[in-house]
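Subject: Structure for your review

Dear colleague,

Please find the structure below. My notes on it follow.

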Amino acid sequence: MEFAVADDEVWLSVFDTLPQWEDASGDSYVRELKIPVSETGELHLSWDPVERSVGLRYRQGPDVVVDVFREQATVLTIHQPGPVIAVEYRAQDCIGRMRVQLQPTFALEDVFLRT
């Protein structure tokens, strides 16, 4: 199954920052994007196109408020208006989707269903 990820230009046009190559994992193909949400809030989004995984960590100051990791991702994109980061994933006998809203406040919706 394929993993469709929004182009770098889309991330740049919406969040005014380009995805970088992530150093922490040691894998040269893992991408990451750090998005300021407020004066003290930051969303750290990372994805592995080879393993089809997405990680999302939201910090408010030094505190981690949300830390989510999803495997078997099929889509990572941005929906407008919002913007809303959308992740879809599918594995044997289940499907799921996650929607992350950053403005006016942070909100996360995560749905996981057996098929």
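Buried means under 20% relative accessible area, exposed over 50%, and partly exposed in between, with a 1.4 Å probe and protein chains only.

Some conventions first. This is a predicted model, in which local features need pLDDT of at least 70 and side-chain atom pairs count only at pLDDT 80 or more, whereas totals for chains, interfaces and linings use all residues. Residues are numbered from 1 along each chain as its sequence is written, and side-chain values use heavy atoms, with hydrogens and water left out.

Asp48 belongs to strand 4 (residues 41-48). Helices (H or I, at least four residues) and strands (E, at least two) are DSSP runs, numbered from the N terminus. Setting aside neighbours within four places in sequence, Asp48 has contacts with Phe3, Tyr29, Val30 and Ser53; contact means heavy atoms within 4.5 Å.

Salt bridges

The structure has 5 salt bridges. One of them joins Asp67 to Arg57, with the closest N and O atoms 2.9 Å apart. Asp67 is in strand 6 and Arg57 in strand 5, so this pair ties together parts 10 residues apart in sequence. Arg57 is partly exposed, at a relative accessible area of 30%.

Arg70 and Asp110 also meet through their side chains in a salt bridge, at 2.2 Å from N to O. That pair links distant parts of the chain, since Arg70 sits in strand 6 and Asp110 in strand 10, 40 residues apart. Arg70 is partly exposed at 23% relative accessibility, and Asp110 is partly exposed at 30%.

Strands 9 and 10

Strand 9 (residues 94-101) pairs with strand 10 (residues 107-114) in the antiparallel sense over 8 bridges; two strands pair if DSSP finds at least two bridges between them. The two strands form a hairpin, with 5 residues between them. Val100 has Leu108 in strand 10 as its bridge partner. A salt bridge also connects Arg97 and Glu109, whose closest N and O atoms are 3.1 Å apart. Arg97 lies in strand 9 and Glu109 in strand 10, so the pair ties together parts 12 residues apart in sequence. Arg97 is partly exposed at 33%, as is Glu109 at 38%.

Helix 1

Phe15 is in helix 1 (residues 8-15). Its relative accessible area is 13%, so Phe15 is buried. Not counting residues up to four places away in sequence, Phe15 touches Leu33, Ile35, Ile78, Pro83, Ile85 and Leu102. Phe15 and Lys34 are 19 residues apart in sequence, and their C-alpha atoms are 9.3 Å apart in space.

Regards

Methods. Salt bridge = Lys/Arg side-chain N within 4 Å of Asp/Glu carboxyl O.
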